[in-house]
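Trainee: Could you walk me through how to read a few features of a model like this one?

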Amino acid sequence: MSVAALGLIVFCTVCLGSFLQRTSGMGLGLVASSVLSIVLGPVSGVVVVNLLAAVNAAFITITVWSRIDLRKFALIGSPMILGALPGALMVQQFSTAVLQIIIGTALLLALALAIFGARLLPKLSGALPAIGAGMAGGFMNTIAGVAGPAITVYAQLSCWDHSRFAATLQPIFVVAGILSLTTKIAIIGMEPVQQTHPVVGIAGLVAMGTGIWIGTKAEQRISREKARTVALSIAVLGGASALTRGLLAVLGS
């Protein structure tokens with residue numbers, strides 16, 4: 001793949017993800033994780049998503065600070081390390097093809113829970129479900145670059161107000177991204193970051209700023225539910241693509 005094509009793919013993917021995240025509360029990890037894991041490889045792709053998602057969420061956090069539920073942020077963010085560590089160990093152990101299968105499967109299962117969980121599971125309350133969501137989010141973010149679905153399931157089951165949930169997701173994503181990066185760098189080393197072409201970072205940062213700017217302008221005209229539906233739909237396609245690519249690689253080896 002040419003450098004120009006790589007930059008264009010990264011720009012379009014990250015711009016769309018940042019736009020959806022600014023308007024719905026999540027989107028960058030959902031849209032970019034499977035696409036970049038296919039384009040850059042399952043390890044480097046998710047590392048890039050972890051980094052971009054953390055920076056993206058940090059910028060959005062500033063704009064939604066007044067709506068953040070600090071208590072739930074602490075409950076969910078603190079135990080994420082307990083999920084990130086086993087996730088990083090799993091990334092270290094498996095081949096590229098198997099990781100593609102794991103990423104695709106994990107993403108599709110998490111999305112299924114996020115979409116149908118409210119109808120299939122009982123209502124929850126208290127600190128323990130929040131802690132469990134944090135651990136699950138840390139694990140999912142480390143292996144697949146998506147913490148949102150796990151937290152979404154908890155939000156639906158606990159009847160968390162959507163506006164405060166979407167705002168609180170942003171600092172949670174910052175914590176998830178930092179933990180996923182640091183645990184993988186500590187266990188795997190810096191190699192996935194060093195092997196990534198500089199155009200990925202440049203295109204990603206420019207796209208992020210563009211997506212947040214457009215999302216801020218369009219926030220009042222686009223419902224959060226519609227933006228979330230688009231993000232989840234794209235993530236389903238991406239998860240299926242990653243799973244299919246991994247299965248083809250395993251069967252062809």
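This is a predicted model: local features need pLDDT of at least 70, side-chain atom pairs count only at pLDDT 80 or more; totals for chains, interfaces and linings use all residues.

Trainee: Is Thr 142 buried or exposed?

Mentor: You judge that by relative accessible area, with under 20% counting as buried. Thr 142 comes out at 0%, so it is buried.

Trainee: Which polar partners does the side chain of Thr 142 have, then?

Mentor: For polar contacts, look for N or O atoms within 3.5 Å of each other. A polar atom of the Thr 142 side chain lies 2.7 Å from the backbone oxygen of Gly 138. The Thr 142 side chain also makes a polar contact with the side chain of Ser 180, at 3.0 Å.

Trainee: And which residues is Thr 142 in contact with, leaving aside neighbours within four places in sequence?

Mentor: You'll find Val 46, Ala 84, Gly 87, Ala 88, Val 91, Ser 180, Thr 183 and Lys 184 in contact with Thr 142.

Trainee: Let's move to helix packing. At roughly what angle do the axes of α1 and α3 cross?

Mentor: Helix α1 covers residues 3-24 and α3 covers residues 42-64; their axes come within 11 Å and cross at roughly 35 degrees. The crossing is right-handed. On the α1 side, the contact is made by Val 14, Ser 18, Gln 21 and Arg 22, while α3 brings Leu 52, Asn 56, Ala 57, Ile 60 and Thr 63. Sorted by type, the residues of this contact are four nonpolar, four polar and one charged.

Trainee: How should I think about nonpolar cores?

Mentor: In soluble globular proteins, nonpolar side chains tend to be buried together. Here the largest nonpolar core has 43 residues, and those touching the most other members are Leu 30, Ile 76, Met 80, Ile 151 and Trp 160. Take Leu 30: not counting residues up to four places away in sequence, Leu 30 touches Leu 107, Leu 111, Val 146, Pro 149, Ala 231, Leu 232 and Ala 235.

Definitions and conventions
Residues are numbered from 1 along each chain as its sequence is written. Side-chain values use heavy atoms; hydrogens and water are left out. Buried means under 20% relative accessible area, exposed over 50%, partly exposed in between (1.4 Å probe, protein chains only). A polar contact is a pair of N or O atoms within 3.5 Å; within protein, one must be able to donate a hydrogen and the other to accept it, and residues adjacent in sequence count only if both atoms are side-chain atoms. Contact means heavy atoms within 4.5 Å. Axes are lines fitted to C-alpha atoms, for helices over the stretch in contact, and angles run from 0 to 180 degrees between N-to-C directions. Helices (H or I, at least four residues) and strands (E, at least two) are DSSP runs, numbered from the N terminus. A crossing is left-handed if the near helix is turned anticlockwise from the far one by less than a right angle, and right-handed if clockwise. Ala, Val, Leu, Ile, Met, Phe, Trp, Tyr, Cys and Pro count as nonpolar, Asp, Glu, Lys and Arg as charged, and the others, Gly among them, as polar. A nonpolar core is a set of buried Ala, Val, Leu, Ile, Met, Phe, Trp, Tyr and Cys residues joined through side-chain atoms within 4.5 Å.
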